[in-house]
Amino acid sequence: AVTAHKLAYFGEGSGPIWLDNLKCDGSEPDLFNCTHPGVGIENCDHSDDAGVECVVTCDDIVCQNGGTCNDGVCTCPFGYGDYFCQTVTVPVRLVGGNGYSSGRVEVFYESQWGTV
């Protein structure tokens, strides 16, 4: 991420808060590998939902796993969620921003979307 936002910068989510008090160093393959007290263990509400702004482009690379590049952005099939449609263990989406490079961070866990 270029910029990390807190305090529901992109609006408050609803439903479960899957991850709280995340500590990431950037080398983790997904958010669940960051240090945290446990999935679903939280002491906050949706006014604390996290958001990000990223710089993303697929103009110089190939979208993988059936993804397509449109205006510099990979559109990926469900289950392939990083910028270039690589296999991910935890699907992630951005909500309330522009949909592909900014928004509230949500993860798919136990068959439902929840916030960070």
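Author: Let us begin with burial: Cys-63 is buried, and Cys-74 is buried as well, where buried means under 20% relative accessible area, exposed means over 50%, and partly exposed lies in between, with a 1.4 Å probe and protein chains only. The model is predicted, so that local features need pLDDT of at least 70 and side-chain atom pairs count only at pLDDT 80 or more, while totals for chains, interfaces and linings use all residues. Residues are numbered from 1 along each chain as its sequence is written, and side-chain values use heavy atoms, with hydrogens and water left out.

Reader: What makes the link between Cys-63 and Cys-74 a disulfide?

Author: A disulfide is a pair of cysteine sulfur atoms within 2.5 Å, and the sulfur atoms of Cys-63 and Cys-74 are 2.0 Å apart, so the pair qualifies. The angle about the S-S bond is -90 degrees, and this link is left-handed. It connects distant parts of the chain, since Cys-63 sits in the loop between S2 and strand S3 (68-70) and Cys-74 in strand S4 (residues 73-75), 11 residues apart; strands here are DSSP runs (E, at least two residues), numbered from the N terminus.

Reader: How do you know that Cys-24 and Cys-34 form a disulfide?

Author: Their sulfur atoms are 1.9 Å apart, which falls within the limit of 2.5 Å, so this pair is also called a disulfide. With 110 degrees about the S-S bond, the link is right-handed. Both Cys-24 and Cys-34 lie in the loop between strand S1 (3-5) and strand S2 (51-53), so the pair ties together parts that are 10 residues apart in sequence. By this rule, the count comes to 2 disulfides.

Reader: Why is Cys-24 called partly exposed, and which label does Cys-34 receive?

Author: Cys-24 has a relative accessible area of 44%, which is between 20% and 50%, and therefore it is partly exposed. Cys-34, at 6%, is under 20% and is therefore buried.

Reader: Why does Glu-106 count as buried, and what polar contacts does its side chain make?

Author: Glu-106, found in strand S6 (residues 102-109), has 6% relative accessibility, which is under 20%, so it counts as buried. A polar contact is a pair of N or O atoms within 3.5 Å; within protein, one must be able to donate a hydrogen and the other to accept it, and residues adjacent in sequence count only if both atoms are side-chain atoms. The side chain of Glu-106 makes such contacts with the side chains of Arg-93 at 2.8 Å and Arg-104 at 3.0 Å.

Methods: Helices (H or I, at least four residues) and strands (E, at least two) are DSSP runs, numbered from the N terminus.
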